Amino acid sequence: VRTTITTAIAYVNAEPHVGFAFELLIADVLARSRSDVRLQTGTDENSLKNVRAAEAAHVPIRELVDRNAAAFERLVDRLGVRCDRFIRTSADPDHAIAVEKLWRACEASGDLYRGRYEGAYCVGCEQFVSERDLVGGRCNEHDAPPERIEEDNVYFRLTKYVEPIRSAVASGRIEIVPSHARAEVLEALDGVRDLSVSRPADRAGGWGLRVPGDPSQVVYVWFDALANYIAGAGYGTDDAAFERWWSSAERVHVIGTGILRFHAVYWPAFLLSAGLPLPTSIRVHGYLTADGKKIGKSNGNAIDPIALIDRYGDEGLRHLLLRHVRTVGGGDLSIERLDRLYEADLADGLGNLVSRWAKLAATAGIPIPEDRIDPAYGSDPRALVSEVPRHVGAFALDEGLASIAAEVDRANRYIQATEPWRLAKGSTRLAEVLGTGRVTLSSISTALGPFLPKTSIEIARRIGGGSGGPLFPRLARRPVHS
Ligand SMILES: [Zn+2]
């Protein structure tokens, strides 16, 4: 099946943090697990948050946005994420065209009207908030009090789409994973009201896309940002691409839990209004914390993902985040823990297995069979090749890597137990033991492909007789600067 996979687009009010790296990696593994696929990510630049951040830093907004967007693009590259389109909402002309077309389509459906808003607004969320969104007068997500606002806006008839969306979610036409996220959406649908989709341009400091036909208003940043998904697929600019990569493809959004409502309620409503196909799947991952706290500059624990790549390598970091953070449940990071896991899983575990086997194979003095498994090995390692994709399909990437790690352990124990270095060179028993190791390594290499693409290729090369240094060198004890 042809598939478009997207991450959420990132705010560029600050440099990327490791949470976005986690999301990119999840989406990359889903994409690399399929053949006819397109992966899209990007930056959400038309936000009031960015205007505020630029004011605070005393730099022009354009400069701040360009600088941080470049840092996000660099991160995609350094992580080894195979991305087909990096979309920038304030800089890419095709995005502005798609937003205008989507707006006009909603207008043509009679779903936009003028209204006056009085109430609270959370700049962190970029949304109006009601009393029930607040805990002790503060936004639960941002732990900050909202601003009071009174202004004229364009409203979108969200209430008109509550029942169609409820039926799409309940029937699984929009599949929401995990099931508690699906339940959360169904519950949120009960409290839906019409949605303001514009802001006075002066409150936005003139930053943002103008409302078509009304330059005194800018398009609400979420309406603008969500449109990136169809803009990148060619909406309004390339009909053939749009048919191929949106209308007739699976459409999968990978997002964090905090923005579920925007993707599972607002976004489908805009699409329905415009007569466009809905997402087929919304996959909701958990959050990373560091030393037990939510990661962020304000908590003083922002972890720079580039520093982690410098320390563990791109493939090392891919392993650590995808294996030791629950895909759905999230998890906690500390440098001490990551160091320990790197040494145990990669330097000692996988790296050691590959180098031991390669050394033994090089001096075996007999051809090593490609399809024989010693009954004493206890299981068929080839099962890994179908087992791991099942975990990926169930959105438990951590369990996929746990299965691979278990196979690495079993193989290391098998070598320990059979002591091939004591077996006679050229003997059939040695060939059987090393043949078992070969089948195991080859299954590990295949199963690892979407997770650690370079390591997967390198293991296959070593099986074929290629030589080289350790796959995962021991850590030099250098501090990580965040
Ligand atoms: Zn908030």
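In helix α9 (residues 239-247), the residues F242, W245 and W246 are buried. Viewed along the axis of α9, its buried residues fall within an arc of 95°, so they line one face of the helix. The packing partners of these buried residues are β1, β3, α8 (228-233), β15 (250-256) and α10 (260-273). The structure is a predicted model.

### Strand β3 and its pairings

Strand β3, one of the elements packed against the buried residues of α9, spans residues 37-44. It is mostly covered, with 8 of its 8 residues buried.

| Strand paired with β3 | Residues | Bridges | Direction |
|---|---|---|---|
| β1 | residues 3-7 | 4 bridges | parallel |
| β2 | residues 10-11 | 2 bridges | parallel |
| β4 | residues 85-88 | 4 bridges | parallel |

T6 stands opposite Q40 in β3. A10 stands opposite T43 in β3, and the bridge partner of T43 in β4 is R88. T43 therefore faces A10 as well as R88, given that a strand pairing rests on at least two bridges found by DSSP, and β3 is joined to β4 by 4 bridges.

### The zinc site

Which residues hold the zinc ion? Its protein donors are C122 through SG, C125 through SG, C139 through SG and H142 through ND1. These atoms lie 2.2 to 2.3 Å from the ion. Along the chain, the donors follow the spacing C-x2-C-x13-C-x2-H.

### Strand β5 and G119

Donor residue C122 is the end residue of strand β5, given as residues 112-122. G119 is found in that strand too. Is G119 buried or exposed? Its relative accessibility is 9%, and it counts as buried because the cut-off is under 20%.

Leaving aside neighbours within four places in sequence, G119 is in contact with E147, R148 and I149. G119 and G400 are 281 residues apart in sequence, and their C-alpha atoms are 46 Å apart in space.

Technical notes: Residues are numbered from 1 along each chain as its sequence is written. This is a predicted model: local features need pLDDT of at least 70, side-chain atom pairs count only at pLDDT 80 or more; totals for chains, interfaces and linings use all residues. Side-chain values use heavy atoms; hydrogens and water are left out. Donors are N, O and S atoms within 2.8 Å of the metal (3.2 Å for Na, K and Ca); water is not among the atoms, so sites may look incomplete. Buried means under 20% relative accessible area, exposed over 50%, partly exposed in between (1.4 Å probe, protein chains only). The arc is that of the directions from the helix axis to the C-beta atoms. Contact means heavy atoms within 4.5 Å.
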